[in-house]
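User: I'm new to this one. Could you walk me through it?

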Amino acid sequence: MRPSHLLIGLFFITKSVLAANAADTVVAFHDNFWSIISPDAEIVELASGFSWSEGPTWDKTKRRLYFSDVPENTAYMWSPGDGVTVFMSPSGLQNNRMTGFREPGSNGLLMTSNGHLLIANHGERAIESLEIESGLRRTIANNFQGRKLNSPNDIALSSTGTIYFTDPPYGLEGINNSPLKEQKHNGVYSVTNAGSVELIDDSLSFPNGVALSPDEQVLYVTVSDPRSAKIYKYVKGKAGFGEKSEFFDAQPYVDRGWPGLPDGMAVSMSGHVFATGPGGVFVLSEEGQALGLLRLEGATANCAFGLDGNTLFITSGNRLLAVKTMALAAGWQND
């Protein structure tokens, strides 16, 4: 199915937009939620028709959003003037004749301040860097201790250039039982500027989303396990991120039958965590308290801030959504 394109401006620039889905609502669990999301906020559909939209990231220089359709091995870009167009095809696995992959495309994307796009490439089982202008693509990491990575999923980047990523087996047919799987664990890793891949945690069943706090002293990691749907935080010490504790328990919402699992995240300058999970996008305090929810129809994969730093773009199943917030993306003023 080809995406339906919205070739007009964003919802608060023009009134001629697709109508919001009546099933998408804003729900407050705490009064503090209204200081982040207005009661009048509209969740607007910008495009639809994707198989599984993922990994949004904003390009401040070109003023456009990049995001993945993982099963279709395609990445798209969206801008207020042009709507949605194809950005990369193939986005992940470069040889579609290869077998053994259930999701061969790019997943998480992250735009850097120097014009490079970091790519969590399921099909190539690698973290890559794409130079937007030249199209030059290079591999940053594709193995740990000589064994191929599973299928890198999501990316976070520190101000010093260290890359953090998760490596569940979702890109592989059979997932944990895939004959292509070489790692015994599903890991959380870091990659230094020198290219050294270091393991942070090998104990999580299905690590998925990853994000840094504004001061970069906390690393957040989601677990997309229907039996243990949680978000963990790791506090930075002298030897790196080591002290681990539970940050948010999404299992009660899974048990209610709400669609989706903990997945991607975006963090605001104020330290609030916008975390996709069962039911939509949770807005969490720095202490892990759920302040409210952008309640969405269907499972939701990921989110990222863009435009002027306070619009949250959301990849939700077959849709690309946007909502204006009163939060500002972490690091937005520093780029």
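User: In what order do the strands of the open four-strand sheet come?

Analyst: Strands here are DSSP E runs of at least two residues, numbered from the N terminus, and two of them pair if DSSP finds at least two bridges between them. The pairing in this open sheet is antiparallel, and the order is 17-18-19-20.

User: Which residue in strand 18 stands opposite Leu-212?

Analyst: Strand 17 pairs with strand 18 (residues 218-223) in the antiparallel sense, over four bridges. Opposite Leu-212 stands Leu-219.

User: Is Leu-284 buried or exposed?

Analyst: Leu-284 sits in strand 23 (residues 280-284). Buried means under 20% relative accessible area, exposed over 50%, partly exposed in between (1.4 Å probe, protein chains only). Leu-284 has 0%, so the word is buried.

User: How far apart are the C-alpha atoms of Leu-284 and Val-273?

Analyst: Contact means heavy atoms within 4.5 Å, and Val-273 is among the contacts of Leu-284 beyond four places in sequence. The two are eleven residues apart along the chain, and their C-alpha atoms are separated by 5.0 Å.

User: What is the average pLDDT?

Analyst: This is a predicted model: local features need pLDDT of at least 70, side-chain atom pairs count only at pLDDT 80 or more, and totals for chains, interfaces and linings use all residues. Residues are numbered from 1 along each chain as its sequence is written, and side-chain values use heavy atoms, leaving out hydrogens and water. pLDDT is the predictor's confidence in each residue, from 0 to 100. For this protein 92% of the residues score at least 70, and the average is 91.
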